Amino acid sequence: LLEKMGMTLQGSNVLYPAYRTDILHQTDIAEDIAIAYGYENFKPEIPNISTVAEEDKFQILLQKIKNILIGLNLQEVSTFHLTDKETQTNLMLNNSEVFQVENSKSSEYSTLRSWLIPSLLHVLKNNKHNEYPQRIFDMGNIFNKKGEFTRLCVMISHSDADYTEARQIIDSLSSNLNIKLSYRETEFPSFILGRMARVSYKNKDVAYIGEIHPKVLSNFSLENPVTCFELNLTELFELF
């Protein structure tokens, strides 16, 4: 059967031609054997087990959030898990510890991101030539000492962007999810003092919301104000 597909067997190893760039895994070889044997020659059997398929509940939540945000006239973007240490720390006026990749081939992609806000600021930086207001969101994974988490970041930029606009979106989101969030005043170097808050659900901190500090905007070469929030969806889901 292997010979029919232009392959040879050497001991327990299968050798295939160099031009077969479509073979990436043992499964691909098994598929070729099945093709050579002929799918019509397989006799179907009913398995002895019974299972019921079910969509992952966390994925259901993510899709629901996407639909809500798109309905609020936000555009989804997708950013990389890898970035650089400068973007995650110094440009954000933040000295938090980050994980760096050993033997990285590029300094631009040498660090696992620990939050999403810097990534979305880069998106704004690369799209200054496009019209305003710019209203974007991203759902992706971040990495820290506690593990890997899925977060949501919503970001708005235009000449009059402020805390209230970001608050309206997160309030609308929480209302659609039928949850009650609480807010308290706090400080973080990346945000303007007095124009930010820590967000909690069931007494657990799950988000930051506020206006980005002018110095951070300058570091990213942004002229318009930016308001945003970053919500830990993994922890939020665990509290449902």
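Is Arg167 buried, partly exposed or exposed in this predicted model?

**View 1. Asp171 and Arg167 pair up within helix α5.** Arg167 is partly exposed, and its relative accessible area is 25%. Along helix α5 they sit four residues apart, which is about one turn of the helix.

**View 2. A salt bridge joins Glu165 to Arg135.** Here the N to O distance is 3.1 Å. Glu165 belongs to helix α5 (residues 163–176) and Arg135 to strand β7 (residues 134–144), so this contact ties together parts that lie 30 residues apart in sequence. Glu165 has a relative accessible area of 16%; because buried means under 20%, it falls in that class. Arg135 is buried too, with a value of 18%.

**View 3. Asp205 meets Arg198 in a salt bridge.** The closest N and O atoms of this pair are 3.8 Å apart, and the contact counts because the cut-off is within 4 Å. Which of the two partners is buried? Arg198 is, with a relative accessible area of 17%, whereas Asp205 is partly exposed at 27%.

**View 4. Arg20, Asp22 and Asp32 form a salt-bridge network.** In this view, please look for three linked residues: Arg20 together with Asp22 and Asp32.

Technical notes
Residues numbered from 1 in each chain as written. Predicted model: local features only at pLDDT ≥ 70, side-chain atom pairs only at ≥ 80, totals over all residues. Heavy atoms only, no water. Salt bridge = Lys/Arg side-chain N within 4 Å of Asp/Glu carboxyl O. Helix = DSSP H or I, 4+ residues; strand = E, 2+ residues; numbered from the N terminus. Buried < 20%, exposed > 50% of the residue type's maximum accessible area, 1.4 Å probe, protein only.
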